[in-house]
Amino acid sequence: MYSLYTDAATQPQSGLSAGGILLIHNHQQVQHGVALTATTNHLAEFEVATIAFTRLAHDLGAQCATTTVLFYTDSQIVSQSLEKRYAKHYQAQVDALLAAQQPFQLVLTQWVPEKQNMGAHTLANQALHAREDVK
């Protein structure tokens, strides 16, 4: 079983976004900060989650078919959209995320408050600050 935490950070003035991915398996953590193409926070939340599942599926290969992922997000739009498999303004992003989750045997999505998602939150902010420093 894998625990996957994602979060996004967006700077509204510049339109820059970055994401944080925290993966926990067998008491070991893997951390990633990623640059995102999204220019709004909602889009960034979907994008980082999709990237996280795509990377995990790539790393696990055929093992995905027998893998359960506990997915934690502090984005209510992401968690609610996955539950309903629908989002009025973000259907393309919902479909992309669902497709990225498809290889796994089971994905359980849980909304968590930001304070319970600090690992991914910190990674997202660090990646955003690194992007701002480069710009």
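Start by selecting residues 6-127: this stretch is 41% helix and 30% strand, and its end C-alpha atoms are 13 Å apart. Helices (H or I, at least four residues) and strands (E, at least two) are DSSP runs, numbered from the N terminus. The UniProt record, an unreviewed entry, places the feature "domain: RNase H type-1" at residues 6-127; such annotations may be inferred rather than shown by experiment.

A note before you go on: this is a predicted model, where local features need pLDDT of at least 70, side-chain atom pairs count only at pLDDT 80 or more, and totals for chains, interfaces and linings use all residues. Residues are numbered from 1 along each chain as its sequence is written, and side-chain values use heavy atoms, leaving out hydrogens and water.

Next, select helix 2, residues 76-84, and colour Val78, Ser79, Ser81 and Leu82, which are buried (under 20% relative accessible area, with exposed over 50% and partly exposed in between; 1.4 Å probe, protein chains only). These residues cover an arc of only 165° around the axis, which puts them on the same side of helix 2; the arc is that of the directions from the helix axis to the C-beta atoms. On the face turned away from that side, look for the exposed Glu83 and Lys84.

Finally, show Phe53 and Phe104, both buried. Their rings form an edge-to-face pair, 5.8 Å centre to centre with 70° between the planes (rings of Phe, Tyr and Trp, its six-membered ring, pair if their centres lie within 6.5 Å; planes under 30 degrees apart count as stacked, over 60 as edge-to-face and the rest as tilted). Phe53 lies in helix 1 and Phe104 in the loop between helix 3 and strand 5, so the pair ties together parts 51 residues apart in sequence.
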